[in-house]
Amino acid sequence: MIRLNKISKYYNLDGYNKLQVLNDISVDIKEGRITVFIGKSGCGKTTLLKIIAGLLKPSHGSLSFKDRNKIKQALNIGMVFQDFSLFPWMNIKENIEFGLKIKNTPHSERNKIVSYYLDLIGLKKYENLYPNCLSYGMKQRVAIARTFATDPDIILMDEPFSSLDVVTKYNMHDFILKIQHREKKTIVFVTHDIEEAVYLGDDVYVLGKVPTQVKSYIKINLPYKGMNIRFSQEFNKIKKRLIEEMMTV
Ligand SMILES: Nc1ncnc2c1ncn2[C@@H]1O[C@H](COP(=O)(O)OP(=O)(O)OP(=O)(O)O)[C@@H](O)[C@H]1O
Ligand SMILES: [Mg+2]
């Protein structure tokens, strides 16, 4: 769906010095699958996501977009940022509704979609609360619902669960897989968490150190995803392989 073709990125540090963060990254992001980029802190994951989102320009290389066999200039992209970026002056319902209003979705359809997502994230009762009244995990669910509600062609997620306790994180993983099962979105997810990569990913790319290249690719074909798979031999075999890849970055 998106082809990253020899993407490199340099940042200008001052008038003279440049930092090369990404080096010649070529990857095909496939429709309806979860593509995970895993790499250590500072290796350029957010930079890469911002390039895919069109928020940053690559220094070299190009992106091409294809939607059901049509070449497109651009895709509708939704992004869940590292800090969620909810609007503090809007309640939960208004936050989820925001993108739909921007898209001029008619009122009745908007209500239906918002109601569907409030149900899905289990926050219907709280729809009138403002972000400052929500726990961290609740804010995350709102941010995710807000992004999915606009029905983007592709959803980019930047370490959305990195500061959660393990149980809440596991619940969020199942929440994402549940939505993914229903909605079949194309998702690009970046993380430094190995177990998260194995659990969520269909296609996993290991990023090296700056200037970052793709170090390896692992296709994950687990028979089902549910709590018990985390203890299975297959899961732990892939996890071990990823740990070895990450240790030798
Ligand atoms: N606007 C910028 N100007 C200069 N350097 C930058 C800029 N943005 C990021 N960098 C540098 O690029 C490198 C990669 O940053 P980036 O935020 O993409 O990494 P990351 O993998 O997302 O890190 P983390 O896991 O900590 O979120 C870092 O060395 C960072 O200091
Ligand atoms: Mg980052």
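This is a predicted model: local features need pLDDT of at least 70, side-chain atom pairs count only at pLDDT 80 or more; totals for chains, interfaces and linings use all residues.
Local features need pLDDT of at least 70 and side-chain atom pairs count only at pLDDT 80 or more, while totals for chains, interfaces and linings use all residues. Residues are numbered from 1 along each chain as its sequence is written, and chains are lettered from A and ligands numbered from 1 in the order in which they are written.

**Helix packing**

Helices (H or I, at least four residues) and strands (E, at least two) are DSSP runs, numbered from the N terminus. Two packed helices are described by the angle between their axes and the distance between the axes. Axes are lines fitted to C-alpha atoms, for helices over the stretch in contact, and angles run from 0 to 180 degrees between N-to-C directions.

| Pair | Angle | Axis distance |
|---|---|---|
| α2 (residues 92-102) and α3 (residues 107-120) | about 130° | 10 Å |
| α2 and α4 (residues 136-149) | roughly 25° | within 7 Å |
| α4 and α5 | about 15° | 11 Å |

Angles under 35 degrees count as roughly parallel, over 145 as roughly antiparallel, 65 to 115 as roughly perpendicular and the rest as oblique. A crossing is left-handed if the near helix is turned anticlockwise from the far one by less than a right angle, and right-handed if clockwise. Residues are in contact if their C-beta atoms, placed from the backbone, lie within 7 Å. For residue classes, Ala, Val, Leu, Ile, Met, Phe, Trp, Tyr, Cys and Pro count as nonpolar, Asp, Glu, Lys and Arg as charged, and the others, Gly among them, as polar.

Take α2 and α3. The two helices are oblique to each other. Their crossing is right-handed. On the α2 side, the contact uses Lys93, Ile96, Glu97 and Leu100; α3 supplies Arg110, Ile113, Val114, Tyr117 and Leu118. Six of these residues are nonpolar, none polar and three charged.

Next, α2 and α4. This pair is roughly parallel. α2 passes α4 in a right-handed crossing. From α2 come Ile92, Asn95, Ile96, Phe98, Gly99 and Leu100, which meet Val142, Ala145, Arg146 and Ala149 of α4. The classes are seven nonpolar, two polar and one charged.

Then α4 and α5. These helices are also roughly parallel to each other. The crossing is right-handed. α4 contributes Gly137, Gln140, Arg141 and Phe148, and α5 contributes Thr168, Met172, Phe175, Ile179 and Glu183. Four nonpolar, three polar and two charged residues make up this contact.

**Helix α5**

Helix α5 has 18 residues (166-183). The expected span is 1.5 Å times one less than the number of residues. Just after α5, Lys184 has a positive phi of about 50°.

**Ligand 1**

A residue is near a molecule if its C-beta atom, placed from the backbone, lies within 6 Å of it. By that rule, 13 residues surround ligand 1, and the closest are Tyr11, Ser41, Lys45, Thr46 and Thr47. Two elements give two or more residues to this shell: β2 (18-29) and α1 (45-53). The largest share, three residues, comes from α1. By class, the shell has five nonpolar, seven polar and one charged residue.

**Backbone features**

Val210 and Pro211 are joined by a cis peptide bond, with omega near -5°. Pro211 sits in the loop between β9 (203-207) and β10 (214-219). Lys6, a residue other than glycine, has a positive phi near 50°. Lys6 belongs to strand β1 (residues 2-12).

Note on methods
Two residues are in contact if their C-beta atoms, placed from the backbone, lie within 7 Å.
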